[in-house]
Amino acid sequence: MILLGDLNREQKKILTDQTIELPSWAFGNSGTRFKVFNTPGTPRNPYEKIDDVGQVHKYTGITPRVSLHIPWDEVDDFSELKAYAEERGITLGNINSNVFQDDDYKFGSLTNANEKCRKKAIDAHLHCIDVMRATGSDTLKIWLGDGTNYPGQDSMWERQERLLDSLKQIYAALDEDQKLLLEYKFFEPAFYHTDVPDWGTALMHVQALGERAVVCLDTGHHAPNTNVEFIVVQLLRAGRLGAFDFNSRFYADDDLMVGAADPFQLFRILNELVSAGAMGADSPVNYMLDQCHNIEGKIEGEIRSALNVQEATAKAVLVDREALKDAQKNNDVLAANQVLMDAFFTDVRPLLAELREEKGMDPDPMRAFKESGYMSRIEEERIGGEQASWGA
């Protein structure tokens with residue numbers, strides 16, 4: 001059994017310093033393209049979302065930030081929301097733009113051939129920058145649903161030029177201590193071509209913008225069997241991996257709980273991140289969950305997901321780097337693979353339970369949350385009003 005005393009100082013520091021940002025939208029109702037399901041106790045506003053985020057952090061100890069989505073999380077006074085979050089030990093993180101749920105964006109937002117629609121989308125991002133200033137956020141995160149459904153529908157070349165021009169205007173509006181994070185997705189909702197479908201396209205655009213523009217990699221935003229850890233390495237080598245969004249997918253971008261579909265993939269990705277020194281408090285990479293909980297409990301789903309990432313990180317930390325290097329140097333294929341498999345099959349749950357106890361926390365986060373009575377209370381209190389939802 002591996003316990004805290006078996007770790008060296010560097011290994012323990014990675015696990016002690018690890019933090020994961022939570023998505024505000026994970027606490028609202030969600031579903032499929034066909035139906036959004038209501039759940040008792042669902043937050044009705046960003047304040048109640050922050051209360052739920054605080055519960056996840058209380059029991060995991062590693063989720064002190066929440067990412068906001070505008071306009072889903074629009075409030076009259078963001079400085080007040082910031083203070084409310086800080087009182088609960090939560091920091092407001094990335095500000096996400098939404099330019100995919102308005103009729104004007106039917107044929108695109110930042111790539112739209114209609115100049116008025118394009119300006120509206122740019123202005124929406126300028127508003128997000130104002131929100132960043134009010135919340136203290138340093139990152140504007142952009143994901144676009146832009147693309148086409150049929151060959152000949154629009155010029156791919158011209159759409160890329162419009163996109164770059166729009167991004168340049170947004171980038172120029174950022175403060176010197178703020179950065180732009182561009183996310184890619186290979187398909188959906190556009191089915192013939194997507195304007196930012198892969199890491200190469202995203203990388204080309206952020207490199208054209210400047211040093212404060214980086215790429216966000218989402219686990220589910222790739223074709224089946226894509227080697228995601230290779231993309232991680234390439235973006236790290238380019239110095240442009242700004243964020244990693246965790247989730248799971250079986251067929252498409254399913255936004256399932258991270259580690260549910262392929263825990264070995266999650267381990268392989270984290271192994272490369274640990275190997276590159278991209279974990280820890282001083283890492284330039286922001287780690288975040290980006291998923292929905294359609295049928296499972298939202299708070300419990302976020303707790304389970306945070307623990308899945310933490311467990312995979314602990315396994316990656318346990319990889320015997322010296323033995324791995326020696327095997328690789330000698331082209332000993334099986335020995336090198338065995339080093340990774342030994343770490344992957346290690347039960348790290350006792351180790352992490354001990355780490356929580358050292359921090360004065362309950363060693364079993366899920367049990368502790370269930371026994372707290374929080375869910376019963378909010379199910380009784382959150383009656384009336386409109387539950388938060390991304391709509392469908």
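Helices, of at least four residues, and strands, of at least two, are DSSP runs numbered from the N terminus. The model is a predicted one.

1. Asp-255. This residue sits in the loop between strand 9 and helix 8, the latter spanning 263–275. Its phi is positive, about 55 degrees, although Asp-255 is not a glycine. The relative accessible area of Asp-255 is 16%, and the residue is therefore buried, the cut-off being under 20%.

2. Asn-331. Is Asn-331 buried or exposed? With a relative accessible area of 65%, Asn-331 is exposed.

3. Gly-360. Helix 12 is followed by Gly-360, and the phi of this glycine is positive, near 80 degrees.

4. Cis peptide bonds. Ile-70 and Pro-71 are joined by a cis peptide bond with omega of about 20 degrees. Pro-71 belongs to the loop between strand 2 (65–70) and helix 3. The bond from Glu-188 to Pro-189 is also cis, and its omega is near 10 degrees. Pro-189 is placed in the loop between strand 6 and strand 7, where strand 7 covers 193–194.

5. Strand 8. Strand 8 covers residues 213–218; six of its six residues are buried, so the strand is largely enclosed by the rest of the structure. In a regular strand, side chains alternate between the two faces of the sheet. Ala-213, Val-215 and Leu-217 point one way from strand 8, while Val-214, Cys-216 and Asp-218 point the other way.

6. Neighbours of strand 8. Strand 6 (residues 179–183) runs parallel to strand 8 and is joined to it by four bridges. Strand 8 and strand 9 are likewise parallel, with four bridges between them. Cys-216 can be followed across both pairings: Glu-183 stands opposite Cys-216, and Cys-216 stands opposite Ala-243 in strand 9.

7. Strand 10. Strand 9 (residues 241–246) is joined in turn to strand 10 by four bridges, and these two strands run parallel. Which residue of strand 10 is the bridge partner of Asp-245? The partner is Met-288. From strand 10 (residues 286–289), Asn-286 and Met-288 point one way and Tyr-287 and Leu-289 the other, and all are buried.

8. Helix 2 with helix 3. The axes of helix 2 and helix 3 (residues 78–87) come within 10 Å and cross at roughly 20 degrees. That angle makes the two helices roughly parallel, and the crossing is right-handed. Helix 2 contributes Pro-46, Tyr-47, Ile-50 and Asp-51 to the contact, and helix 3 contributes Glu-80, Leu-81, Tyr-84 and Ala-85. By class, the contact has six nonpolar residues, two charged and no polar ones.

9. Helix 2 with helix 9. Here the axes come within 10 Å and cross at roughly 40 degrees, helix 9 being residues 298–317. Helix 2 and helix 9 are therefore oblique to each other. The crossing of helix 2 with helix 9 is right-handed. Asp-52, Gln-55, Val-56 and Thr-60 of helix 2 meet Ile-299, Glu-302, Ile-303, Ala-306 and Leu-307 of helix 9. The class count for this contact is five nonpolar, two polar and two charged residues.

10. His-57. This residue is in helix 2, which spans residues 46–60. Which residues does His-57 contact, leaving aside its neighbours within four places in sequence? They are Ile-62, Thr-63, Pro-64, Gly-89 and Ile-90. The C-alpha atom of His-57 is separated by 31 Å from that of Asn-227, and the two residues are 170 apart along the chain.

11. Helix 12. The buried residues of helix 12 (residues 349–358) are Leu-351, Leu-352, Ala-353, Leu-355 and Arg-356. What covers these buried residues includes helix 1 (9–17), helix 2, helix 9 and helix 13 (365–372). Helix 2 and helix 9, which take part in this cover, are the pair whose axes cross at roughly 40 degrees.

Definitions and conventions: Residues are numbered from 1 along each chain as its sequence is written. This is a predicted model: local features need pLDDT of at least 70, side-chain atom pairs count only at pLDDT 80 or more; totals for chains, interfaces and linings use all residues. Side-chain values use heavy atoms; hydrogens and water are left out. Contact means heavy atoms within 4.5 Å. Axes are lines fitted to C-alpha atoms, for helices over the stretch in contact, and angles run from 0 to 180 degrees between N-to-C directions. Angles under 35 degrees count as roughly parallel, over 145 as roughly antiparallel, 65 to 115 as roughly perpendicular and the rest as oblique. A crossing is left-handed if the near helix is turned anticlockwise from the far one by less than a right angle, and right-handed if clockwise. Ala, Val, Leu, Ile, Met, Phe, Trp, Tyr, Cys and Pro count as nonpolar, Asp, Glu, Lys and Arg as charged, and the others, Gly among them, as polar. Buried means under 20% relative accessible area, exposed over 50%, partly exposed in between (1.4 Å probe, protein chains only). Two strands pair if DSSP finds at least two bridges between them.
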